[in-house]
Amino acid sequence: MKKTLALALAMMMTATVTLTGCGESSEAERVVNVCSWGEYIDEDLIYEFEEETGIKVNYQTAESNEALYSLLKTGAGDYDVIVPSDYMIARLISEDMLAELNYDNIPNYALIDDQYKGLSFDPENKYTVPYTWGTLGIIYNTTMVDEPITSWDAMFDEKYAGNVLMIRNSRDALAAALLDLGYDINTTDESQIRQAYQRLADAKNAGVYQAFVMDEVFQKMEGGNAAIAMYYAGDYLTMLENNPDLAYVVPEEGSNWFVDAMCVLKGAQHQEEAEAWINFIASTESNLRNMDYIWYASPNAEALAQYPDYYEETYSEPLDMGLYEIMAAPQEILDRCTLYENLPSDTLTLYNDLWTELGI
């Protein structure tokens, strides 16, 4: 398949880049320190940016939005550019942790579709340049389940005990339980959130979950070591290349659709370099290559429209439009999905307390 060799090489390159860290640089050296997610960029773009601009990129990854937030609050992450998700962006803005961008230095921002601007997490478009978007759903092995999965019930079903991978992310995990109970994923009702927690705790205590995972999900689902997992559409498409028995569904109760965006931290030492990086990544060429590598939909309108032709030209075969619609979900799917909102501080504290109580 098209990405198997590329992914193996990328893992080696990622290790090289990540290990550079955010250490001291010479006075004359221009650098930008970037923190994003695992397997979330065509690494060749990093080296091309360095060659084109002379700016060294120190590229690191975080496991989740919550892990990133913890790094930032403890001062353990000396970053310029970060790529959080919508609800975490809103939280960082509310805590005055992000710098306003100089969009004169980011002309490729004009290529971002209006659908991904003015959203609730950055309504005045001061802090962000969208990077990708997609849906959260259920990945399942068609040879290991009784019938096609359509509901969040599957994430709590004891008949799959020991074969279910729950996501190791409190916002997403509790969202699955809230949706299964018929509640809003942005609810602030303590009773509803506690019911969702109990749904998770009961399933955990009953042995439904083989593990709570983030990037470990790739190996487990590709290797047929679990039947069901909660994860993201783009990552499903990467797994599918290594295991054609896998399927993906946005459950009938609805789900989350998300936007991840590039931001600059307030007080960043390299804001000019950060904005140069953001502009480079926001280009149509970079977005086409990222879509082809990570299978996440682009907010760049040109790139999203051009990708089917780009794929056919690159691989001399037409793009499977069914796969394209998993990557770039059509409106009828998005109509069943909700963007996460930043929750009030007391609700965030409740989430943290319950997650700790769950023992993850």
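**Exercise 1.** In this predicted model, determine how Y307 and Y311 are placed along helix 11 (residues 301-315), and classify their ring geometry.

*Solution.* Step 1: Y307 and Y311 are about one helical turn apart, because four residues separate them in helix 11 (residues 301-315). An α-helix has 3.6 residues a turn, so residues three or four places apart point the same way.

Step 1: The aromatic pair Y307 and Y311 has a centre to centre distance of 6.1 Å and 70° between the planes. Planes over 60 degrees apart count as edge-to-face, and the pair Y307 and Y311 is therefore edge-to-face.

Step 2: Y307 has 0% relative accessibility and counts as buried. Y311 is buried as well, with a relative accessible area of 9%.

**Exercise 2.** State how many aromatic pairs there are, then classify the pair formed by Y231 and Y232 and name the members of the aromatic cluster that includes both.

*Solution.* Step 1: The count comes to 19 aromatic pairs. In the pair Y231 and Y232, the rings are 4.9 Å apart centre to centre, with 50° between the planes, and the pair is tilted.

Step 1: Both Y231 and Y232 are buried.

Step 2: One aromatic cluster is formed by Y40, Y131, F218, Y231, Y232, F258 and Y296.

**Exercise 3.** Determine the relative orientation of helix 2 (residues 44-53) and helix 10 (residues 284-294), and the distance between their axes.

*Solution.* Step 1: The two helices pack with their axes 11 Å apart, at an angle of about 155°. Angles over 145 degrees count as roughly antiparallel, so helix 2 is roughly antiparallel to helix 10.

Step 1: Helix 2 contributes D44, L45 and E48 to the contact, and helix 10 contributes S286, R289 and N290.

Definitions and conventions
Residues are numbered from 1 along each chain as its sequence is written. This is a predicted model: local features need pLDDT of at least 70, side-chain atom pairs count only at pLDDT 80 or more; totals for chains, interfaces and linings use all residues. Side-chain values use heavy atoms; hydrogens and water are left out. Rings of Phe, Tyr and Trp (its six-membered ring) pair if their centres lie within 6.5 Å; planes under 30 degrees apart count as stacked, over 60 as edge-to-face and the rest as tilted. Buried means under 20% relative accessible area, exposed over 50%, partly exposed in between (1.4 Å probe, protein chains only). Axes are lines fitted to C-alpha atoms, for helices over the stretch in contact, and angles run from 0 to 180 degrees between N-to-C directions. Angles under 35 degrees count as roughly parallel, over 145 as roughly antiparallel, 65 to 115 as roughly perpendicular and the rest as oblique. Contact means heavy atoms within 4.5 Å.
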